[in-house]
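Work through the following exercises with the structure in view, and try each task before reading its solution.

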Amino acid sequence: MQIGLIGLGKMGGNMAERLRRDGHDVVGFDPHVESRSVESLDELAERLTPPRVVWVMVPSGEPTRDTVRELADRLGPDDVVVDGGNSKYTDDRVHAAALAEKGIGYVDAGVSGGIWGLENGYALMVGGTAEDVARAQPAFDSLKPPGDAGFVHAGPVGAGHFAKMVHNGIEYGLMQAYAEGYELLTATDVVDDVPGVLRSWTQGTVIRSWLLDLLVLALDADPELARVTGWVEDSGEGRWTMDEAINNAVPMPVIAAALFARFASRQHESPAMKAVAALRQQFGGHAVREIAEGVAETPA
């Protein structure tokens, strides 16, 4: 099939290559990448033969909203826009309604696979009407991993990104559990070969996973993780997952703790733990570690 792809960064560029390897005609646009096929959205729309399918792979939020608005002015009836970024599912409903006024279909696609997707394939969770999903199905079939799994038409518009949001919330919890286990292994002198222990878990155990494999790869490259700081960002999906958990009264203590741990990673000195130390000193006379006179704290 012929498909337009907007956004040729780490994910989008690899997706374009995987599609081309499977025989698709990909017309790519990204003003920041020299490998683009066209120089503008106008040229992209002109290059594609109607009815057109255009996949948007740009950062969520305003970049995606702006791109969808611009496509609404350049595409026409029976065309389909696929948003493959990490948009919030509530944005999908707004995009779909705006495009529907011009007869343009909309599909939201949660995509997982990272930089490994080019070779391994991408897990795809999509939302939209059966007709719109079918229009993009050849691309989905080429992007997903081999076999029966890896693709799901999760439901109506918004279902794909909602599923990906929950997926990323679970990812937070899994990563935090592996990280805490790693820290405990390194905190004592009981275990001599911590990377070896983690590697031993990658085969035959109930906690084996691709994330564990990736942690082993990271330790192979940097056994002490000396080149990595402890600062961990969050891209939004963990927060959105917790918002939905609260709205639906679904307990998610593991994912909540993992999200808060990321917040804690950005503090040089935790104000909360300073307050705990001060309280222990006040009520029980417990010792506290004071900052040496004349030595300023490093700002967080």
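**Exercise 1. Find what share of the residues of the protein chain count as buried.**

Of the 300 residues in the protein chain, 40% count as buried, where buried means under 20% relative accessible area, exposed means over 50%, and partly exposed lies in between (1.4 Å probe, protein chains only). The model is a predicted one, in which local features need pLDDT of at least 70 and side-chain atom pairs count only at pLDDT 80 or more, while totals for chains, interfaces and linings use all residues. Residues are numbered from 1 along each chain as its sequence is written, and side-chain values use heavy atoms, with hydrogens and water left out. The chain has 12 helices and 7 strands, which are DSSP runs numbered from the N terminus (helices: H or I, at least four residues; strands: E, at least two).

**Exercise 2. Decide how helix 10 and helix 11 lie to each other.**

Two packed helices are described by the angle between their axes and the distance between the axes. Take the distance to begin with: the axes of helix 10 (residues 237–247) and helix 11 (residues 253–264) come within 10 Å. Next take the angle, which is roughly 140°, on a scale that runs from 0 to 180 degrees between N-to-C directions, with axes fitted as lines to C-alpha atoms, for helices over the stretch in contact. Angles under 35 degrees count as roughly parallel, over 145 as roughly antiparallel, 65 to 115 as roughly perpendicular and the rest as oblique. Helix 10 and helix 11 are therefore oblique to each other.

**Exercise 3. Describe the backbone at proline 51, aspartate 78 and leucine 225.**

Most residues other than glycine have a negative phi, and most peptide bonds are trans. Proline 50 and proline 51, however, are joined by a cis peptide bond with an omega of about -5°, and proline 51 is found in the loop between helix 2 (41–47) and strand 3 (53–56). Aspartate 78, although not a glycine, has a positive phi of about 75°, and this residue lies in the loop between helix 3 (62–72) and strand 4 (80–83). Leucine 225 also has a positive phi, near 50°, and is found in the loop between helix 9 and helix 10.

**Exercise 4. Classify aspartate 78 and leucine 225 as buried, partly exposed or exposed.**

Apply the cut-offs from the opening exercise to each residue in turn. Aspartate 78 has a relative accessible area of 54%, so aspartate 78 is exposed. Leucine 225 has 24% relative accessibility and therefore counts as partly exposed.
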